[in-house]
Amino acid sequence: MDRIALLKNPIQEYAWGSRTAIPSLLGLPVPSERPVAELWLGAHPKAPSRVLVDGVWQPLDRVIERDPVSVLGKKVAEGFSHTLPFLFKVLAAHRPLSIQVHPNLEQAGAGFERENRLGIPLDGAARNYRDPNHKPEILCAVTRFEALNGFRPPEDILSLLGRVCDEDLSDELALLRKEPDNRGLKRFFTSLLSMDPSRRKRLIESGIARARRYADMDRAFGWMVELKRAYPGDIGVLFPLIFNLVILDPGEAIYIPAGELHTYLKGMGMELMANSDNVVRGGLTLKHVDVPELLGIVDFRFMHPQKLQPEPGRQPAEWIYETPAAEFQLAVITVSDGISFQSERDRSVDILICMEGSARIQGLKNSDSESIEKGMSVLIPAAVGPYQIAGEATLYKATVGRNT
């Protein structure tokens with residue numbers, strides 16, 4: 001395949017999605033009848049994009065399977081078993097997602113095989129591992145975006161919870177005071193997730209009553225109140241005081257490796273990850289929660305999340321978000337009058353989505369070209385070679401990591 005090709009991308013209608021953000025991007029009726037949570041751009045077998053080839057819309061995974069080298073490039077095809085190594089998403093959260101963690105590559109492979117042996121269907125509600133891949137990811141804010149990411153330092157957890165739950169959590173907080181380190185953090189968190197339901201209910205009710213006093217002064221306490229409204233009785237109501245609250249302005253990003261507990265609370269963003277749908281949940285959801293599996297995967301180091309700022313590419317039109325992931329790299333491209341974008345000559349596969357304006361993408365080896373506007377996306381196979389983008393537009397580009 002050596003042509004620039006338009007994509008049609010599947011929508012995921014999860015309950016936490018927005019009825020306006022993605023429909024507005026795609027030019028669909030607003031508000032939508034159902035929440036629209038994610039737009040998937042990629043070749044995950046659960047929901048592959050369709051690509052226009054010779055006038056026929058075909059699943060992208062099948063197109064790659066027929067001719068992996070022309071689509072992916074020889075190096076990427078050989079390095080990733082003839083599959084597209086990343087999954088690109090537009091994510092729009094109107095309500096909080098579940099608190100979750102993603103496995104590393106070894107854990108994913110073992111968990112996938114184990115659940116296969118147990119006969120759990122790939123689309124079964126009790127399934128944790130839907131594929132054998134890990135899922136490091138980056139989330140770049142398109143609008144103001146709020147998330148929880150990684151454990152706060154123990155002294156911060158003790159201080160915040162002490163303001164609302166000191167008496168009701170005295171035993172658990174004593175564990176953390178005695179061992180204010182990774183081991184103590186694991187014991188503390190395990191005790192929370194294992195709490196007796198009747199005690200948990202009393203704890204949440206009393207904690208929320210106190211949290212309301214601070215809700216206007218500290219966004220973390222405000223999120224406690226909002227989570228109680230969305231998930232009454234869920235211990236995750238306390239999580240804004242246990243995990244770091246991260247607020248991203250448009251253009252800022254966070255990188256989440258395997259083992260790092262997180263949840264996205266509200267906002268629209270571009271999410272790029274290894275090609276996987278493996279999620280192990282620990283709360284704030286009506287879906288399957290597997291506490292033992294989660295505790296075996298979580299990295300209990302406390303941290304201060306680092307916001308990623310884009311770094312200049314090789315030309316003025318491109319800004320790149322650097323991560324250690326081999327499977328993917330995210331970039332934002334802004335073209336305008338007098339500022340165009342030209343890709344590198346030696347490149348692999350690119351997927352681009354236009355978020356604002358309109359542009360023309362022109363292959364430089366032949367006359368192949370495609371015009372796109374807001375909400376449209378394209379696949380640019382490796383065989384196309386270098387290409388140029390001109391117009392007035394903002395696009396996000398997903399490609400394979402530079403060090404692959």
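Buried, in what follows, means under 20% relative accessible area, exposed means over 50%, and partly exposed is anything in between, with a 1.4 Å probe and protein chains only.

Before going on, a word on provenance. This is a predicted model, in which local features need pLDDT of at least 70 and side-chain atom pairs count only at pLDDT 80 or more, while totals for chains, interfaces and linings use all residues. Residues are numbered from 1 along each chain as its sequence is written, and side-chain values use heavy atoms, with hydrogens and water left out.

Let me stay with the charged pairs. A salt bridge here is a side-chain nitrogen of Lys or Arg within 4 Å of a carboxyl oxygen of Asp or Glu, and a search of the whole structure finds 21 of them. In the pair I began with, D299 and R301, the closest N and O atoms are 2.7 Å apart. Salt bridges that share partners also join R144, E146, R219 and E226 into one network.

Where do E78 and K74 lie? Both are in helix 4, residues 74–79, and they sit 4 residues apart, about one turn of the helix; helices are DSSP runs of H or I with at least four residues, strands are runs of E with at least two, and both are numbered from the N terminus.

E38 belongs to strand 3, residues 38–41, and K89 to strand 6, residues 86–93, so the pair ties together parts that are 51 residues apart in sequence.

Strand 6 also holds F88, which at 0% relative accessibility counts as buried. Taking contact to mean heavy atoms within 4.5 Å, and not counting residues up to four places away in sequence, F88 touches, among others, L39, W40, M270, L330, I351 and Y396. F88 and A274 are 186 residues apart in sequence, yet their C-alpha atoms are 8.7 Å apart in space.

That brings me to the nonpolar cores, each a set of buried Ala, Val, Leu, Ile, Met, Phe, Trp, Tyr and Cys residues joined through side-chain atoms within 4.5 Å. The largest has 49 residues, and those with the most contacts inside it are F189, F239 and I242. Its largest share, 6 residues, comes from helix 6, residues 154–165. A second, separate core of 44 residues includes V53, V76, A253 and I351. As for F239, its contacts, leaving out residues up to four places away in sequence, are I99, L148, F189, L193 and L284.

Finally, a helix pair. Helix 7, residues 170–178, and helix 8, residues 182–193, pack at an angle of about 170°, with their axes 8 Å apart; axes are lines fitted to C-alpha atoms over the stretch in contact, and angles run from 0 to 180 degrees between N-to-C directions. Helix 7 and helix 8 are therefore roughly antiparallel, the term for angles over 145 degrees, with under 35 counting as roughly parallel, 65 to 115 as roughly perpendicular and the rest as oblique. The contact involves E172, L173, L175 and L176 of helix 7, and G184, L185, R187, F188 and S191 of helix 8.
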